[in-house]
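Please open the model in your viewer and keep the selection panel at hand. The tour moves from one selection to the next, with a short account of what is found at each stop.

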Amino acid sequence: EGDPDGIAQDFLENRERLLHWLDRYTAELRHLRNRLAAEGDDAAELLAQDVDAAVVERRNWLTDFEASNFVDPELSANARAEIPGFWQRWVGFGGFRKRDSGDKK
């Protein structure tokens, strides 16, 4: 939602960062496509190893995120991602209150 012109302007203002992540995403999709298209004895095993690594990486990320130990590399070195509380997640309450980065939930 939002103003299409404003969103387009935001994209342009963040062009380098967006291009960086689009390139990384495209490379990962190309890698996955190559794994799926590959044939041979090792193809299924290599795909399974990639999937296993992705599952482990996501679990580790989720554990860190839920423990408020996830630091977004796009943010400053000291900024931590904030996990919304129950009311904010489910009904949107609490979005106006700004928490100090040192606060514990």
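Which helix gives the most to the nonpolar patch? In this predicted model, the answer is α2, which contributes three residues. To see the patch as a whole, select I7, F11, L18, L19 and L22, which together make a nonpolar surface patch of about 450 Å².

For the next stop, turn to the charged side chains and select R35 together with D50. These two residues form a salt bridge, in which the closest N and O atoms are 2.6 Å apart. R35 lies in helix α2 (residues 15–37), whereas D50 lies in helix α3 (residues 43–66), so the pair ties together parts that are 15 residues apart in sequence. The count for the model comes to one salt bridge.

Finally, display the surface over this pair and ask of each partner: buried, partly exposed or exposed? R35, at 23% relative accessibility, counts as partly exposed, and D50, with a relative accessible area of 26%, is partly exposed as well. Both assignments follow because the class covers values between the limit for buried, under 20%, and the limit for exposed, over 50%.

Technical notes
Residues numbered from 1 in each chain as written. Predicted model: local features only at pLDDT ≥ 70, side-chain atom pairs only at ≥ 80, totals over all residues. Heavy atoms only, no water. Salt bridge = Lys/Arg side-chain N within 4 Å of Asp/Glu carboxyl O. Helix = DSSP H or I, 4+ residues; strand = E, 2+ residues; numbered from the N terminus. Buried < 20%, exposed > 50% of the residue type's maximum accessible area, 1.4 Å probe, protein only. Patch = residues over 30% accessible without salt bridge, like charges linked within 9 Å, V, L, I, M, F, W, Y side chains within 5 Å. Areas by Shrake-Rupley, 256 points an atom, 1.4 Å probe, with all protein chains shown as cover.
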